[in-house]
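Okay, everyone, thanks for coming. Let me put the model up, and then I'll walk you through a few parts of it.

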Amino acid sequence: MIWRTVRRIMREPLGAIGLTLVTVVELSAVFASGLTSYAPSKISPAERFASPSLLHLLGTDHLGRDLLTRVLYGGRVALLIALGATAVSLVVGVVLGLIAGYGPRWLDNVLLLIFDAVKSFPTVMLALTLVTLFGPSLYAVVLVVMLVNVPGYARIIRTQTLVLKSAEHVMAARSMGASAGRILRVHILPNIIGPILILISMDIPVVVAIEAGMSFLGLGVRPPTPSWGAILNDGFANIRDSYWIVIAGGLPIVLTTLGFTFFGETLRDLFDPRLKGRS
Amino acid sequence: MTVLEVKNLSVAFHTESGPLEALKQVSFSVPANRSVGVVGESGCGKSTLINAILGLLADNGEITSGEIIFEGDKDLARLDPTAMRGLRGLRIATVFQDPMGALNPVLSVGRQMRDIQYRSNLSKRDKDARSVAMLRKVRIPDPESRLTQFPHEFSGGMKQRIAIAMALMMEPALLIADEPTTALDATLEVATIELLKDLQRDIGCSVLFISHHLGVIAELCDEMIVMYAGEVVESGTTREIFHDARHPYTQKLLACDPARLSQRVARLPTIAGTLPDLRRRPSGCVFQPRCDRADAQCLTPPPSAVLGGSHIAHCWHADIPLGAMNA
Ligand SMILES: Nc1ncnc2c1ncn2[C@@H]1O[C@H](COP(=O)(O)OP(=O)(O)O)[C@@H](O)[C@H]1O
Ligand code: SF4
Ligand SMILES: [Mg+2]
């Protein structure tokens, strides 16, 4: 099953590029410590602003830290946040969506109102507000990602639940004594989760961008924890004489974003052409 | 013994233009080990009747009066939802019309059949063995290997038989079938009816069978009720009704095309006129606007004429037999 899927994806040019990029990014994040002999936060004043060389493939930053090492470890942070925050958003979105779609009408109305209110709040304002409240941290990033994603996920799940609620097999299950929880778990969720996962895989680049953006602005993970956004920020500060720092920070963001986007779009087109044009 | 006894059941739906009385004073009973057929044109309240029995009326529906006595001691019209849910699937099982949609498309048939036994504490293995036995009973060839297959890998007739197998899994006292053969072609329909007959005998359950097909009812059911606009207009044994229908509505249905009735007609014969608006019922006999025999008397509610045995017709002029109609 998985291999058949992989083969189908690899047959599409965009899919092949996407899957390859995603795999490379994932593997290099997982095996970061094996791929470099430097420590990510090790400062060596003697090697400040070293341009790319065999010793430092991507050069070093203003504290003499090896940029390749920081990029690899930064990938860990980026992916952990992207996958973790997306997973949490998914769980919360699914629960709220199922409740809104299957629960009583008044609860549905209340939840819809909340989804719309949260959704109408601009992301940057949201980020600034949360950071003011909780200080810049990983949790602030996760919270922003959740507030951005959950309303959309919940709405999709709600709509699908409403449709399936009156499906023949759900009526049949009800007539055979299945409880609400059982119907949601066995007869509704498995029927909607596939397309949802595809849509959500296309959201991962957005989350990577949110993390990078917040770290760039100093609102995200705190130094010395490596982050692509923070590297990018360092790079802009020193762009005149050390161009390579910007490249080291920017390239992984671009490649990861492209990789997940191509991958997600290919999955969507292959498995659920109905979703085409939505995101 | 009586498995189900419905007494003076009335159901209303609250609509924007006022209450809609979908069932009015419906009474009938289903004896143990018997099949009772329900006929009536679309919109006459057959599904509402089933949903009221199952406790699954739409949110805007309400039982306004009457009782639904199940197995002698439980009034389903007043049972609390948890107890009602406990009966569904265990003591009362249901098969619906559309065999295509009745199964969950993303779960294997084996998984669904195991899932429906969630109340039993058998091991997974024993549950699967029961599923296989049940599939064999409904004549699915090679059931072991088909457990892992998904609904789309089965034909329509097979899907309907799987739905029947799932309904009968827990050996219920009452099987409710809502037009279970309407979506099947004639050959499959015969096979399904034969199968239902055998299974009923085998398990020893009662069947409440809703159908458009007079021919199917004649074949399968011991007794029948004829519904019109949410009311029972005639009831009795299938024999009594097919041979000596007394309500003008029943007579019209039977007279429509006798030749086609003995064959299988996919739809109930159509008769002139339409159902009345159930929000504004005629004050006298509900069939009066469409009845050839209507007279001044029919502007007051008709009595229930007892015609011997269990045969009852709700009509002022129930004394005129079918043959005399055109004479
Ligand atoms: N939820 C509902 N709200 C309002 N009216 C309904 C509802 N469900 C059914 N009805 C009405 O009740 C009547 C009986 O419907 P139904 O029981 O579905 O008939 P049948 O199954 O015999 O075709 C119809 O007039 C229908 O329009
Ligand atoms: S009571 Fe009158 S109107 Fe009603 S069915 Fe009988 S004859 Fe027709
Ligand atoms: Mg119906």
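Predicted model: local features only at pLDDT ≥ 70, side-chain atom pairs only at ≥ 80, totals over all residues.

Residues are numbered from 1 along each chain as its sequence is written, while chains are lettered from A and ligands numbered from 1 in the order in which they are written.

Back to the helices. Helix H4 (residues 124-137) and helix H6 (residues 156-168) of chain B pack at an angle of about 125°, and their axes are 9 Å apart. Axes here are lines fitted to C-alpha atoms, for helices over the stretch in contact, with angles from 0 to 180 degrees between N-to-C directions. So H4(B) and H6(B) are oblique to each other; under 35 degrees would be roughly parallel, over 145 roughly antiparallel, 65 to 115 roughly perpendicular, and the rest is oblique. The crossing of H4(B) and H6(B) is right-handed, where right-handed has the near helix turned clockwise from the far one by less than a right angle, and left-handed anticlockwise.

Helices and strands, by the way, are DSSP runs numbered from the N terminus, with at least four residues (H or I) for a helix and at least two (E) for a strand.

On to the strands of chain B. Strands count as paired if DSSP finds at least two bridges between them. E1(B), residues 2-15, runs antiparallel to E4(B), residues 61-70, with eight bridges joining them. One place to look is B:Lys7, whose bridge partner in E4(B) is B:Glu67. E4(B) also pairs with E5(B), residues 74-75, again antiparallel, over two bridges, and there B:Ile69 partners B:Asp75. That hairpin has three residues between its strands, and B:Glu71 takes a positive phi near 50°.

Further along, six bridges join E9(B), residues 223-228, to E10(B), residues 231-237, in the antiparallel sense. B:Met224 sits opposite B:Gly236. Two residues separate the strands in this hairpin, and B:Ala229 has a positive phi near 50°. E10(B) pairs with E12(B), residues 312-314, too, antiparallel over two bridges, with B:Ser235 partnering B:Ile312.

Now the ligands. Around ligand 1 there are 16 residues, and the closest include B:Phe13, B:Lys46 and B:Ala58; a residue is near if its C-beta atom, placed from the backbone, lies within 6 Å. H1(B) gives the most to that shell, three residues. By class, the shell has six nonpolar, nine polar and one charged. Ligand 2's shell divides into nine nonpolar, two polar and one charged, and among its residues are B:Cys285, B:Cys291, B:Cys298, B:Cys315 and B:His317. For the classes, Ala, Val, Leu, Ile, Met, Phe, Trp, Tyr, Cys and Pro are nonpolar, Asp, Glu, Lys and Arg charged, and the others, Gly among them, polar.

Last, chain A. What does its secondary structure come to? Twelve helices and zero strands. Its C-alpha trace spans about 75 × 45 × 30 Å along the principal axes, and 46% of its 279 residues count as buried.

Methods: Buried ≥ 20, exposed ≤ 12 C-beta atoms within 10 Å, placed from the backbone.
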